Each structure stands twice: as C-alpha cells, then as structure tokens.
Amino acid sequence: MQKILGILLAVVGGFALGGIALHRAEPINALWLVTAAICIYVLGFRFYAKWIETRVFVADYTRATPAERLNNGRDFLPTHRWVVFGHHFAAIAGAGPLVGPTLAMQFGYLPGTLWIIVGAVLGGCVQDMMILFMSTRRDGRSLGKIARDELGPVGGTAAMLGTLMIVLIIIAVLGLVVVNAMKHSPWATFTVFATLPIAVFVGFYLRHWRPGQVLEGSLIGLVLLLAAVVGGGHVAENPALAEMFNLSGVTLAAFVIGYGWIAAILPVWVLLAPRDYISTFLKIAVVVMLAVAILVMRPEIKMPALTQFIDGTGPVFAGKVFPFVFITIACGALSGFHALVSSGTTPKMVSNERDIRLAGYGSMAVESFVGIMAVIAATLLDPGVYFAINTGAGIVGSSAEAAVQTISGWGFPVTVEQMKDLASAMGESSLFGRTGGAPSLAVGMASIFGSAFGRSLLGLWYHFAIMFEAIFILTTVDAGTRAARFLIQDALGQLYAPLGRTSWYPSVVVASSLIVAGWGYFLYVGVVDPNGGINILWPLFGIANQMLAAIALSVATGILIKTAHVKYAWVTGLPLTWITIVTSTAAFQKIFSTDPKLGFFAAANDLSAKLAAGALPPEKAKVAGTLIFNQQLDGWLTILFGLLLWTVLLSMIRMSLRHLKGLPVPPNSEAPYVKTQLNLASLHVNAH
Amino acid sequence: MRTDVRQFLSAGLSLLRGVTGDDAYEKYLAHYERTKPPHPPLSAEEFFRAQIDQKWNCVSGCC
C-alpha cells in the first residue's frame, strides 16, 4: 500500500514538476505549482524523512526525551506531537518566506519555485529536523552551545557572532519593508499604528483581567484588528485625518526606531507577548484561508518562466540567477534562523523522538508551501505591474510616465491608467516604487481573496494583508532586539559583571540602545537610499541567513561523522556543500565585483567618483556620503560573514579528520540513555 | 456522524489551545498534582507572568 502511494505521488509530482519546467508560452495555472509542491513534500516526508529518522539519526522510541526527564510543568513538558508541530510552525513562520520569494520573481517563476520545493525537501527540512533531533538528545541546548561543545570554542564563538549579526540585519530589512508599505499611505499607517494599543489592551487583559486565557484574548485582539483595518479606510477618506497619517519614509523610520527601543525596555507582557499570541492565531488562519482561496480561484500565472533578468541586470536586486535566487528566497527553502528555533523551545516539548520528523521536517514543508503561495500571489499580477511596484524610483525614474515607459521597454507592458486604477481599487494614492515585496504581495493576496470571497472589498483585503505582514514584522523587531540584547549583555558581562545581569535596568537600557542603534542605522540608510534600500539590504540578509544555515549544517555534519554515521554524513553534507558554494559565490561577487550595481566596494567607489566630479543631482549629493560609508560597511560585513562561515566549516572539517584518524576530539555531548516511563500508546507512537 | 463531528471539533479545539498556550496553566496544575512538590502551586496570574518571561528570554521567533 505504502509503495503504491509512493509511486502514485512520485508520478503525479514528477509530472507536475516536469510540466512546470517544460511549460512555455501561454500562461500556466497555479494548480500545477500547488500539485507539484504538495506531492514532493509528501514524498519527502513519508520516505526521505522516514529513512533519515530510522537510518541516519536512528530515533529511539524507548528513550526518554528532555521533556520527560526534566519535566517542570512549564517549558519542559511532554506535548502532543500535533501541538509541537503547530508551535514549531508558528515560531519559524514570519514575513521571510513571504518577502523573499516575492522579490525572487524578477527572474521569472521557474527558478524560485524549483528552489523553494527542492531546497526545502533536501535542505531546509533536513536541517530543521536534524538540529531539532540533536538538541533533543542534548537536553534542548541551543545551537551556539552545541557548536561550542561539539566543535570547540572557535566554532561556538563564530556561531554566536553570526547570530548577533543576522538579527541586526533582519530587523533592519524587515523594518524597511514595513516602512515602505506605510510610506504616504494613511490607511496602512493608521492600521499598523492601531495594532500597538490593541496589543497593549490584550496584554492587560491576559495579565490582570483574565490571566492566561490566551485563546479568548487573541480572539478579542483579532476582532479589534479587523476593526482597525476597516477604520483605516475611513481615516483615509477623511482629508484632515488622512493628512495626519500621511508620513514620509524618514519619519516612519524614526517611529519604528523609537518604537523598537521602547518595546525592548518594556516588560514583555505589555506588548510583545500579547501581539505574538494574536499573530500566531492570525498566521494559522491566513495560511489556511490563502490555501483555500487559491484552490477555489485557481489563478493563472502571468509571469514568464524565465525573464531576461537572469543575466544579472534585474531592477529589484542586482546579481545573476546563480547564486542570487538561492540567497534571496532564504526562509522559504533553507533558513539558518530556523536552527535557532529548533534548538530553542521546541526540543523541550518533544515527548518522543518519533515525533521529531513531524515537527522538524513537517513544519518546514508547510513553511515552504507558504513560500509557494507567495510565488503565486506575486506572479498572478501582470509582470509590468509587478515591476512597477517593486522597482525603486532611482532605477525607473520618479514620474509615473517615465516608469511605465522603462518597464514597458523591458517587454512587460503596463500603463499609467492601469496602475492608477489598481491603486484606487486598493485604496492607495499610488503603487509605483513601493519596494520591499509587502505591497506587491498584498496586491496579489487581495486579488486572490477578492475573487474567492468578494471583489468589492479589494481595499480591505489589501490593508488586511499589509497589517498581517506588519504584525509579524513588528514582533520580529522586538523579539529580535531582545534576543540580541541577551547576547550583548552576555558579552558585556565579561567586561563588567553587573552588565551581564539581564534584568539590571541600566544594563537593559545600555544593551538595548546599542542594538537599536545598530539596526536603526541600517534602516535609516535603507530609507534614504534613492534605489529603495531593499536591493542592498535583502541580499545582505540572505547571505547572513544562508551563512547561519551553513553553520548549523556544519554542526550537524560534524556530529554525524563523530557519532559513527560517516556513510550518512552526505545527508547534511550535500546541502552544506551547496549552500557553502552559493553563499561564498554571492559574498565573493558582492565584495569583488567591479559592477557598481552588484559590488559593495565598486558602488562606493563609483559614487565617490561621481560626487567628486559633481555629477550627482543635489538631492542625491546630500546623502552620498552616508551611502558611500554604508556600501563600504556592507562590504566589510560580507567579508565578516564569509570568514565566519569558513571558520566554522574548517573547524568542523578539522574535528572530523582528527576523529577519523583516531585523534582526540571534544566528546559527544549527548545526554545518557534513560528509558521512557511514558505510556507509548497514549502518545500515538507505533512501536514497530 | 454527529459524535464524529463533535469529536473532530473538540480535537481541533484542544489542538488550538495547545498551540496557542491557552491550556498551559491546566497542564502546570496537572503536573503539580502528579509530583506534589512541597511549595504551594502558583496562581494563574503568577504562572502566566513567569511563563511569558521565560519564553522571551531566548530566541523564540523567526523572520
């Protein structure tokens, strides 16, 4: 039976994937993508992940997990596997898999779709599951700690430093996404601002009025958020109110920075925790709704399979399809950040090692499917519209006429009227140059929801989608700032012990200010950059995220080699090799390319030369100094990321070679075997 | 048929409560009853406060 199912899935999935790959000329239906993706996830889950579980890490259902051994009724707690799955999915899913695939569609739908599916099944899902397993075997310890224990102090420090840097970049780039979505849009700005008092209200509700009634509090929050979306529409119609919420990018960036600082020093129950509860709820609801709507609507994909921009001349971000499609998609296929979650709260909940496949592999497969839905939302737009929304004014010109002329000249026809009609249907004044991926995704989502559940409400759906993305992003802003604060406080504590105390207020303020200043700087530069900023920051984030994935996969490969599974080391070794090639190539091009569009240092030199020659228009000359410094800084950061990656990789290879030669290496840090006392039948574990 | 639907819905609800953390205090009390430690159990409010602080003292979310 299993075999028949496998063959059937393989045939259907292979047929759909082949259909996508070979399909040319006329538009293709989105159902092809959905079918191919689902068949391949199920195949991967049922066969590849199962094989890894039984042969590679050899899950032992008689072994007690940390949740059982260290059960404290709170974070260490044996939990039903579907709850672990839901929890893990909610923790890894955010704005990343929505934004990355949207941006990558400048190459056409094919490269991105293939990488989202194949990268997840062979890379991302494997990484998440492996790290979850390894952390579960090690009392739920974090990736940085495991790296230190297994590879030695050098690898551990590199992993910690990598984590800190990636957090700063991700906050800055997501902050930029939300600023670009709110810029000069009273409706979006009002809705996003309204999420703050709503979260505080829910915070008080859960803390004082109905302690711990999370479901109830989240539902109330959700209803209020929907009211805020509707209210935003009325604000936008009222000229006086609309003017109040019509803010420039720099003002909004200042708001986000100030907000981030306040949120970081406030207790978590006020803002961060309640908003996270609401967003978990919203996340699950929207993913299900979007999947249903796509099945009902079955949209046609209008983007070609490949565009001419695979040669590296793309307007959304610079660089050829290799390696930049793999860098850009990030969280949808393989994300180093997930390794932090897989070695965070999830391993403390797993009640049996047999549940790891569902939580680790399964959650990532669903995340990848979210990426596929983002692909569909971006590609069902007319390509001309997609490029008009996602290209900065610095590239296509600041007037609507100039923009449509340039974009139509690329072979993607679009007219000023078309963009005007679309903007007014969405309740916006203009959609030109709204870079960052969120607005074009929101237009796509609004079209899907609109045709499945009622077209007259396009403006509402659009702003609902913006609010949905903003709520994730603001959670990342505070949660990331807090996480980075702990890392900094840990480091500062080495210099002056009281600074290491995480709840000592002066230390909280000093460390939070350092972190907010760090990402605030990148956010500010991104906002003043006339090309939109995203085209610089997103690749930098992608490189950092893939570097962290390479670190996690190095740790996993090192452990596999050390624990006598050398012949299976390719399971993590294969994605590790691929992502090392991709990340190193991208970093090399970003550092050494002489093309000012691609290379950071080349861009800095080009701008300096133009500034010295007086060839810049006055508004660009004003910010040129900042942009030059920033390009150089980004160049040095890329060098640092490359060094971190290779440091961890080489320390893993050195450790492995020593082990294979029989020389001493840090011992396997697995917790000793203890037999489980839990009733296996009650945990739905088949003892076969 | 009716009982099936009811069972399905209640399973869905308990899943949702688990994922959102709605049932965390009940689980804590159950654990307390099983282990019977010498100190009295936390109140719902104290428990919830401790729970939140603990959750956000590490990297717990993603991009």
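Student: Where in chain A does pLDDT stay under 50?
Tutor: This is a predicted model, and pLDDT stays under 50 over residues 683-688 of chain A, a stretch for which the model has 10 contacts beyond four places in sequence.

Student: And what does chain A average overall?
Tutor: The average pLDDT of chain A is 90, with 98% of the residues scoring at least 70.

Student: Switching to packing, how do helix 25 and helix 27 of chain A sit against each other?
Tutor: Helix 25 (residues 570-592) and helix 27 (residues 618-660) of chain A pack with their axes 9 Å apart and at an angle of about 150°; since angles over 145 degrees count as roughly antiparallel, that is therefore how these two helices of chain A are described.

Student: Which hand does the crossing of those two have?
Tutor: The crossing of helix 25 and helix 27 of chain A is left-handed; helix 25 contributes residues including A:Thr580, A:Ser584 and A:Ala587 to the contact, while helix 27 contributes, among others, A:Gly635, A:Phe641 and A:Leu645. By class, that contact has six nonpolar, six polar and one charged residues.

Student: OK, chain B now: how many helices and strands?
Tutor: Chain B has three helices and zero strands, giving the pattern α-α-α along the sequence, and buried residues make up 29% of its 63 residues.

Student: How many residues does each chain put into the contact between A and B?
Tutor: Chain A gives 47 residues and chain B gives 32 residues.

Student: Which helix of chain A gives the most to that side?
Tutor: Helix 4 of chain A does, with seven residues, and the side of chain A that touches chain B divides into 26 nonpolar, 17 polar and four charged residues.

Note on methods. Residues numbered from 1 in each chain as written. Chains lettered and ligands numbered in written order. Predicted model: local features only at pLDDT ≥ 70, side-chain atom pairs only at ≥ 80, totals over all residues. Contact = placed C-beta atoms within 7 Å. Helix = DSSP H or I, 4+ residues; strand = E, 2+ residues; numbered from the N terminus. Nonpolar A, V, L, I, M, F, W, Y, C, P; charged D, E, K, R; others polar. Buried ≥ 20, exposed ≤ 12 C-beta atoms within 10 Å, placed from the backbone. pLDDT = per-residue confidence, 0-100. Axes fitted to C-alpha atoms, helices over the stretch in contact; angles between N-to-C directions. Parallel < 35°, antiparallel > 145°, perpendicular 65-115°, else oblique. Left-handed = near helix turned anticlockwise from the far one by under 90°.
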